[in-house]
Amino acid sequence: MQPTFADFSAMPVSMSNAGIRYRNCHETSSHLAMGADASTALDFEVDGDEKIVEVTLKMIALVSKVGGSPGHAPVDVLLNGEVLVQGLTVPGGGDLPQDNVFAVPGELLRPGTNTLEIRTAAGARSMFWLYRVTLDSVYERGRSERAMAAEAARDTVFSYSTQRRAPFTSAWRPGPRLLFHVDRGEQSLPAQLGWRGEDGAESAISFQSNMSDFHGHHRAADGTLAEFRGRVIGRGAFPEGTEGVHTHRFRTEEGWGGGWHDSGELRILVEDGSGPVERVTWRDQRGNSGVAALRVAAGRTGAEDAPDVTGQVTVVEVSDEFEEAGEVADNLLRDSRAKWLAGDCEATVEFEFDRPTALSGYTLTSANDFPDRDPRDWTLSGSQDGSRWTELDSRSGQGFTERFESRRFRIGGARVAYSRYRLDITGNGGADEIQLSGVRFAGIASDHFSGYYQRYNEGPIGYRGTAVATPDDSAERERTARLTAELEQAARSLAEAARSVGRLAEWVRDR
């Protein structure tokens, strides 16, 4: 028998080998709510060549309370019109859904479409909350639940809207979006998650089993404590939803039996609007837990081994740009040979990231003509509010040896996440204008982690990992730009050749 289930705790409802029909029901973020005189019909298929002796039906449900009483919502369960259970009263008054398991005679099934129906009584005084329904051959008990768990575990990128409130207060205030992905390939969703940022802020949260909500606490870098909660607003399979953000990927090893053994890849992404993380802890729904303390790579130059975070940034202020020719500051962030031209020997451009971001370096690319327009002296500064600026890197007497040359520069000192960065160019090669073709920003690379891993009902073991090398697309961008320039040159040559042929044709005609 095929895995057959309907998971009403998922958003949207997850189904396999099933179709759903409702009456007097409505979906919530965690269950199907059935009022009085309501029904839910599950249509599923059975192969005509399959001989099924008995089916195990599992229905996970809860009855809502009525004030201080346990509540009352009896149900009938029918298969193809035959009553399996009549007047079933699921225990109410608690907070945990109840498992209800039934044996269904195989002779009640028929080849093709079958219908399982759940009906609430007309006299129900509270709600019947239905979470999951599974159907399996008695010889493959649990198969549908395993398939349901595997289906849910494929979507491991989560996005939540968040709220915070100070202790002993009642007002919730909107917080930044939380985006996370923690996956070591075991097809198990997280039950708890904790993290500490490089700035010292830390959070710890616990999830509803269907991942619809979380609750926990957040401690800011200055020690301010807040209650913390969130509701899911997006979910997908990796890498869906992670565009423009950096996911740490590690090749891992587990330490046991006196040695280290390969244990696959670990992916970690936690973005809460406050900058890079340095430690992540988790426990999954199977009871396994782990800790990864990330080491920020020392001496990295913002080159091939650091993540390119330019996709997170936009231009917000510029001292001057040549709009009539399309030579504007936005061109600095595009993968093209278009340029920015400012009509002065000094110029400023300000960038804003969509979240505070720490940089390890940056890249400047010269433009197409007039080397005396190239920047020679400049300062890069960072700011949290766009008013108070901190100098991060200052250069003087620099130069470019050729057109469209990319030069990378390392940012030293402490790794602080800023939301704004400003490039102040204070000198060039002597021209009255300044030009650049590109600016790229490099984030912080974590080259390894150390921690532990503990499987359910087992002791902790060593856990470590080294960064997986990911392709650097800068070479591909340069190759694309070079090919584009060659094509543009070829087009110009063809156009000139066509004009020459036209002039020759006119000359022959005149003769």
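Buried means under 20% relative accessible area, exposed means over 50%, and partly exposed is anything in between (1.4 Å probe, protein chains only). This is a predicted model, where local features need pLDDT of at least 70, side-chain atom pairs count only at pLDDT 80 or more, and totals for chains, interfaces and linings use all residues. Residues are numbered from 1 along each chain as its sequence is written, and side-chain values use heavy atoms, with hydrogens and water left out.

**View 1. The protein chain has 2 helices and 32 strands.** Helices (H or I, at least four residues) and strands (E, at least two) are DSSP runs, numbered from the N terminus. Of the chain's 511 residues, 45% count as buried. Take the contacts (heavy atoms within 4.5 Å) between residues at least 6 apart in sequence: 69% of them join residues at least 24 apart.

**View 2. Tyr-160 and Phe-180 make a stacked aromatic pair.** Rings of Phe, Tyr and Trp (its six-membered ring) pair if their centres lie within 6.5 Å; planes under 30 degrees apart are stacked, over 60 edge-to-face, and the rest tilted. Here the centres are 6.1 Å apart, with 10 degrees between the planes. Tyr-160 belongs to strand S11 (residues 157-165) and Phe-180 to strand S12 (residues 173-183), so the pair ties together parts 20 residues apart in sequence. Both Tyr-160 and Phe-180 are buried. They also belong to one aromatic cluster, together with Phe-158, Phe-207, Phe-214 and Phe-228.

**View 3. Phe-8 and Tyr-22 are one of the 19 aromatic pairs found in the whole structure.** Their ring centres lie 6.4 Å apart and their planes meet at 50 degrees, so this pair is tilted. Phe-8 sits in the loop between strand S1 (4-7) and strand S2 (14-16), while Tyr-22 is in strand S3 (residues 19-27), 14 residues apart. Phe-8 is buried, at 3% relative accessible area, whereas Tyr-22, at 33%, counts as partly exposed.

**View 4. Two arginines sit over aromatic rings.** A charge counts as over a ring if NZ of Lys or CZ of Arg is within 6 Å of the ring centre and within 35 degrees of the ring normal. Arg-164 has its charged end over the ring of Phe-228, 5.2 Å from the centre. Arg-337 lies over the face of Phe-404, 4.0 Å from the ring centre.

**View 5. The largest cavity holds about 270 Å³ of space.** On a 1 Å grid over the protein atoms alone, a cavity is a set of points where a 1.4 Å probe fits but cannot get out, and lining residues have an atom within 4 Å of a point. Grid points are joined across faces, edges and corners, and the volume is the space filled by probe spheres set on the points. The structure holds 4 cavities of 30 Å³ or more. In the largest, 19 residues form the lining, and His-246, His-248, Glu-271, Gly-275 and Pro-276 lie nearest the centre. Strand S18 (259-271) and strand S23 (347-357) each give two or more residues to this lining.

**View 6. Ile-52 is tucked into a loop as a buried residue.** The loop runs between strand S4 (32-46) and strand S5 (54-63), and Ile-52 has 9% relative accessibility. Leaving out residues up to four places away in sequence, Ile-52 touches Met-1, Val-46, Gly-106 and Leu-109.

Terms used: On a 1 Å grid over the protein atoms alone, a cavity is a set of points where a 1.4 Å probe fits but cannot get out, and a pocket is an open set with protein on both sides within 12 Å along at least five of seven lines; lining residues have an atom within 4 Å of a point.
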